[in-house]
Amino acid sequence: MSLHKPTTRRAARHLVLALAAAQLAAPTRATAQAQAQAQEDLRPPQVVQRSEAIYPPAALAERREASVTLEVTVDTSGRVGDPKVFESGGKEFDDAAMAAVSQWAFTPAEESGKPVAARIRIPFAFRLPPLPPPELATPPGPPATARPPAQGEAGAEHPAVETPAKQEGEELEATVRGRARPRSRGASDYDVTVGQLSLVPRKTAAELLKLAPGILLSNEGGEGHANQVFLRGFDAREGQDVEFSVAGVPANQVGNPHGNGYADLNFIIPEVVSSLRVLEGPYDPRQGNFAVAGSAEYELGFEERGVGLQVGYGSYATRRVLALWGPPGSSSRTFGAAEFYETDGFGKNRDATRGSAIGQYEGHLGETTYRLTLQGYSARWHSAGVIREDDLGAGRKAFFDTYDFGQGGNATRFSVSGEIESRSGSVVYRNQVFAILSGARSRENTTGFLLDVQDPQQTLHTQRGDLIDQSTSATTAGIRGFARTSLDAFGRRHEAELGYFARYDVTDGTQYRIEAATNAPYHVDLDLHSQVADIGIYGDLSLNPLSWLTLRGGARLDLFTFDILNRCAVQSVAHPSLTNPPLDASCLDQESFGAHREPVQPATTSSMAFLPRVSALVTPVAHLTFSGSYGKGVRSIDPQFITQDVKTPFASARSIDLGASYTRDLAGTALALRTGVFETKVDKDLIFSESAGRNVLGGSSTRRGLLAAARLTGGFLDESLNVTLVRATFDDTGLLIPYVPDLVVRSDTSVWRRLPWSPGGVPLVASTGVGVTFVGRRPLPFGDRSDRIVTVDASVSLARRPVRLALTATNLLDAQYRLGEFNYASDFHSQPAPTLVPVRHFTAGAPRQLMLTLEVLLGGGS
Amino acid sequence: MRRARMLLVLALCACGGTGGELVTFHAAAAGPADSVSGQPFVFTNALGYQVTLTRARLHIGGVYLNRSVPSSGSQATSCVLPGIYSGQVTSPLDVDVISPDAQPFPADGEGTTDRSQTGEIWLFGTAVDATDDRTVLADVAGTAVQGTGTPIEFTGKFTIGQNRAVPVGNPALPGSSPLCKQRIVTPISVDFALAQGGTLLVRVDPRAWFRNVDFAQIAADPDNPAQRKFLDRSQGQPDLAFYGGLRAASGTYLFNWQSP
């Protein structure tokens, strides 16, 4: 969103009011209520260092005066960049003001207690002193120097340049542009600013999720395949239980046969992620379909201005080229980025290639901000899949081996999004439209040669192989928006928002089984044409009935309609006809006694979900907030389970959270602590099925746990630490849910320092980032536990603008670990007789991988 | 508060389970307990022949246990029903079935602690679903005499390949009788739960193979007319009777579980 306030000397007050109305800022009232909101409000930049402007000599000689207003960006470290003349006083005055302001320094603006970039306006008034008596006239001489502006100091003897920033701490008129962020829902609502933690190596943007507690990522499908997400006790597979969005555009695919809600985040270029909101639990009325375990919203932005190029080369012939640009004079939300990546991959059958491009433009027309986001992505990869532990132990297979070289996949995604945000009085309006074209194909073999049983109607065959080939082609269009207003009542400010969401998906999904010997499909498991609509409306209130109490919440109503054409509806025949035997065909045109019927079956249905969500935030003392939240979330049903006129069953979750947070800014170091306990009950959980190669509907389940998180951000250090303990059980048996980690610890540390040398007068900055992940022993079927996982990723870099050299290492200690472990039956023909009982399988974690990256950034500055 | 404390303790101890257990166990096969090691095995069959077995070997491709209780028609089609198996011994073994001594399989078996209800003996050499297989599964030799008649020397080598293929009766169901069904002897009644470190002993009683064999109808061996030889085909009383005994789920194979 954008908010633009007219110039005023009382800008601070106006700014506060305006920003509060837009949920971008908050007052700095020394009240408990203000403290409650402090962590989510915005504080404008504060001047800490000013430099005098030089009065243009010629103008001084000619006794000309002028006013100049500059617009500059104050970045998250307080540096001034991207200066632009907002109101010109003539070139010589403009240049003088520009030269001066480049030397200014600020404490950065803050939003939710975290530094954010801000666009501010600084007026300069070039004023001449009164003419002295002729006998005292000063000869023109050397150019006069304007002292640091001080109001009323336009001295009698000196020319002066006045600005409204008279002393430290006094606020300037500021124009702060950014997407309006929803209010916090308590201790489980993580608004993650990546900031300097970008120094910690991350291969994909999905790994940024680890900055929130309780998240473990896994991937047995190969680079390019969506990450499997474990979130606070949920095995959300590839996103089926987590609602993902990127710049407001949904990322979950409806009707993907690999999983309804499959969310491939590999199209996101990590360098252009500016922030990430992870809400663990369904507590915000804005959360829609798939927000059972929670939601994750990526915001895009690129702080640097200019043109940058990164070239990297690393282990296993991994190559990466990244081009980035941010036009000077524009906000961080205007940028372009393109990435090419290729690797031979560690071990067998792990090569991958991908390309991604993201462009975003943000413009302003008066009080209106508009934004256009374009995105394109294509990838292809192979994957190794699982290895049986007994084959590894017997030397029949190596740790990084594979059984089936046919495994892999490809994906494409192209999207466009347009957004307009405007103000009218105290109401902020936003409307967004988006369209997505996506395709995905995944080939996985988790069971070998086990599932191709001989049906009597089929001609005689041996086991042909269990390679499952799933394809999706989807077209998605949608709109979303809201109107938000604030009102003062009972001496306090309250807010109300009404919003809508509408999405329409047309998806073709197929699943074939591939014969190992011929690589040809021998059976059609699924062939669906789905048209699914989801229309939601919500209302959200933020009330402050007491100075120490904030109540937030509302409700959401979602209508889902399904129009499904099952193109392979008949797969077995009760009484085969002698004259028309079905034999090996998958999609049959008879069901009994040879009577003809078409193999298709249309089905339409609909259902509605009512989703209440409330939170209470209590701030008994400054900096400390207690919170409690309750909410209900839903996951729409997989289209393959739709039956004509049978009301669509939802999987719904009811979740409750109690937590506390403490935020403090101590001498420029921001400290944020959080802790909480939670309970989530799901009526139809998703449980991994190795035979289906995906999660399938299971019974009801409960998750209980606690989490703690800390973030310390200072001038040279950024540390994020989080711990989550969870216990996930089935309600009917009380047994643990397999595969869900009960303990996850993650630490991200970044340290940066300006070195004492400045070659050529340019500062040399060294930095390092370390990420440590610990995952406890995960429960596996049949009472087993997996191994613990400990991995360390690290980077070191040296920067001397415009060049930066970085060396990253993932799995620095080269630990040989099993990323995923599973107990189930498989038969990969590795032993003389069929193997039919459950045994341990694993997917190999990546070994140590090094990558050297050279980065050059030209023509901008930050 | 108590609930929160309990929650913390439960979470910290990472206790609880998902039910069941994966186990490995020792596996062996042997002849009847009343046979004598190193001695011919003598018995009388249902037709009154006194049989003296001097050689009786069985090639077992695998041994399986599953949790299902067979009912009529439930396994009429598929040889393998993924998801029901609770134990397996996948290393093949040639068993001297006229020796009572336990002859261990080359590798331990593995399974789960689910209660096993059905045992299966898989008789194959190359693959259970191979379209043909010439591996000798049963190799027998001995003499048989009925009353005071002339002793009949016999030999036999039995395979399960195309010689055992069952013609398709219903052209609409060409896959109703796959060869794997011939190679799997089931359902053998069992009732136990495997445990880590226990031993599964499969006893094979060759008496059952010959129970209804009319030795007089065995054809003469063309290479040695003094002897008679089973023809290893699905016709003729002796071959059919022997093959029926080989595949008999009751009386031929006995699963004995010894807990650790």
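**Close-up 1. Antiparallel pairing of strands E47 and E48 in chain A of a predicted model**. Strand E48 (residues 839–844) of chain A pairs with E47(A) in the antiparallel sense over six bridges, where strands are DSSP runs (E) of at least two residues, numbered from the N terminus, and two of them pair if DSSP finds at least two bridges between them. Within this pairing, Phe822(A) is placed opposite His841(A) of E48(A). The open sheet holds three strands in the order E26-E48-E47 (chain A), with antiparallel pairing. Because strand E26 (387–388) and strand E47 (818–824) of chain A are at the edges with a single partner strand each, one side of each is left without a neighbour in the sheet. Residue numbers start from 1 along each chain as its sequence is written, and chains are lettered from A in the order in which they are written. In this predicted model, local features need pLDDT of at least 70 and side-chain atom pairs count only at pLDDT 80 or more, whereas totals for chains, interfaces and linings use all residues.

**Close-up 2. A mixed open sheet of five strands in chain A**. The strand order is E11-E19-E20-E15-E16 (chain A). Strand E11 (189–193) and strand E16 (249–250) of chain A each have a single partner strand, so one side of each of these edge strands lacks a neighbour in the sheet. Strands E19 (residues 273–279) and E20 (residues 294–300) of chain A pair in the antiparallel sense over six bridges, and Ser275(A) faces Glu299(A) in E20(A).

**Close-up 3. The contact between chain A and chain B**. In chain A, 49 residues are in contact with 43 residues of chain B, contact meaning that the C-beta atoms, placed from the backbone, lie within 7 Å. Strands E39 (701–713), E40 (717–730) and E43 (779–780) of chain A are the elements giving two or more residues to the side that touches chain B.

How values were computed
Contact = placed C-beta atoms within 7 Å. Helix = DSSP H or I, 4+ residues; strand = E, 2+ residues; numbered from the N terminus.
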